[in-house]
Amino acid sequence: MNDISKGRVFDFDGLYSRNYEKIFRFLRGKGASEEEAEEVCQETFIKVLHHWENFDSSKGSESSWMITIAKNQFYDLMRKKNSAQKREIENSQNIIESIVQDDKEDEDEKFRLDLLKESVESLPSLEKNIIQLRYIKKHTIKETAELLGISVRTVNRKTYASLTVLRMRLQKSDFGFGI
């Protein structure tokens, strides 16, 4: 593809071969999973293909321009993912908090509370501790991370995964929380 107005020839294959590995490693270094890094690399090259005419070599190298695009694509992906996870966690948190209240009197509520406790107990040790600290003892994400000696990101990931597992188990048990 020619960009005659700026006197440049667009060599996509060369651009790809010179930059794919750099961008991929950069994204992995930012914490992207292999799949996320591959997805963001694809999106980056698509964006570069569509916006090549905006590249200005006087402002920096093609690699730095593309890494900036990749970084922004990755942050957008994480924002979308975190937003969905946050909604999922909030929905699950509301369900768990509504069930964990101490004033459960009728048989149905006692059964549901027992089922919830049994489901939490069946989680692996770290996940069980996270759920107990976050939702029963009401610690913040940061406090939970500090108490368990793990990162905030790990607390977030494990919370999301644990709540998803709990929801699936409880739905299979006809738990009755209509979501």
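Which residues of α2 are buried? Hold that question while the model is set out.

This is a predicted model, so local features need pLDDT of at least 70 and side-chain atom pairs count only at pLDDT 80 or more, while totals for chains, interfaces and linings use all residues. Residues are numbered from 1 along each chain as its sequence is written, and side-chain values use heavy atoms, with hydrogens and water left out.

Start with the whole chain. It has seven helices and two strands. Helices (H or I, at least four residues) and strands (E, at least two) are DSSP runs, numbered from the N terminus. From that end, the order is β-β-α-α-α-α-α-α-α. Of the 179 residues, 35% count as buried. Buried means under 20% relative accessible area, exposed over 50%, and partly exposed in between (1.4 Å probe, protein chains only). Contact means heavy atoms within 4.5 Å. Among contacts between residues at least 6 apart in sequence, 59% join residues at least 24 apart.

Now to α2, residues 34-51. This helix has 18 residues. Its first and last C-alpha atoms are 25 Å apart, close to the 26 Å expected. The expected span is 1.5 Å times one less than the number of residues. The buried residues of α2 are Glu36, Ala37, Val40, Cys41, Thr44, Phe45 and Val48. They lie on the same side of α2, because they cover an arc of only 165° around the axis. That arc is taken from the directions from the helix axis to the C-beta atoms. On the other side of α2, Glu35, Gln42 and His50 are exposed.

Next comes α5, residues 125-136. Its twelve residues should span 16 Å, and its end C-alpha atoms are 15 Å apart, which agrees. Buried here are Glu127, Lys128, Ile130, Ile131, Leu133, Arg134 and Tyr135. Just after α5, Lys138 takes a positive phi of about 60°.

Finally, look at α6 (residues 141-148) and α7 (residues 152-172). They pack at an angle of about 105°, with their axes 8 Å apart. Axes are lines fitted to C-alpha atoms, for helices over the stretch in contact, and angles run from 0 to 180 degrees between N-to-C directions. So α6 is roughly perpendicular to α7, a term that covers 65 to 115 degrees. Ile141, Lys142, Thr144 and Ala145 in α6 meet Val152, Val155 and Asn156 in α7. The residues of this contact divide into four nonpolar, two polar and one charged. Ala, Val, Leu, Ile, Met, Phe, Trp, Tyr, Cys and Pro count as nonpolar, Asp, Glu, Lys and Arg as charged, and the others, Gly among them, as polar.

Terms used:
Angles under 35 degrees count as roughly parallel, over 145 as roughly antiparallel, 65 to 115 as roughly perpendicular and the rest as oblique.
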